[in-house]
Amino acid sequence: QVQLVESGGGLVQAGGSLRLSCAASGSILSINRMSWYRQAPGKQRELVAGIISTGITDYADAVKGRFTISRDNAKNTVYLQMNSLKLEDTAVYYCAAKIFHMGRFRDYWGQGTQVTVSS
């Protein structure tokens, strides 16, 4: 069984920073892409940032220059450093990963962590 567990969410003032972590555990042979998504109340879930095993990254326009995604392949962990946070960054943040398990790559999701930015 494979699990993704996020941590690091919380309440922060606008302009502040938070660092999210997501660790994958279980019977894992390989992890391809790892991503962060977010879902604000009343809105669809959206991609925030992604990183593949070679380190190539991509970002949503709304977070470019403020957020940085990184990963530690030895620890099967992905991070999201969020700086200069804005009120509109408030959302539940989800980790996602494409993991080779039981013979093929499968998509897995974490349970989500709340990020609240206050004025």
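The chain contains zero helices and eleven strands, where helices (H or I, at least four residues) and strands (E, at least two) are DSSP runs numbered from the N terminus. The radius of gyration, taken over C-alpha atoms, is 14 Å, close to the 14 Å that the globule rule gives for 119 residues, so the chain is as compact as a globular protein of that length. That rule is 2.2 Å times the number of residues to the power 0.38.

As to provenance, this is a predicted model, in which local features need pLDDT of at least 70, side-chain atom pairs count only at pLDDT 80 or more, and totals for chains, interfaces and linings use all residues. Residues are numbered from 1 along each chain as its sequence is written, and side-chain values use heavy atoms, with hydrogens and water left out.

Of the 119 residues, 39% count as buried, meaning under 20% relative accessible area with a 1.4 Å probe, protein chains only.

Which residues touch the most other members of the largest nonpolar core? They are Trp36, Leu80, Met82, Tyr93 and Ile99, in a core of 30 residues. Such a core is a set of buried Ala, Val, Leu, Ile, Met, Phe, Trp, Tyr and Cys residues joined through side-chain atoms within 4.5 Å. Strand 9 gives the largest share of this core, five residues.

Finally, Ile99 touches (heavy atoms within 4.5 Å) residues including Val2, Leu4, Phe105 and Tyr108, not counting residues up to four places away in sequence.

Technical notes
Buried means under 20% relative accessible area, exposed over 50%, partly exposed in between (1.4 Å probe, protein chains only).
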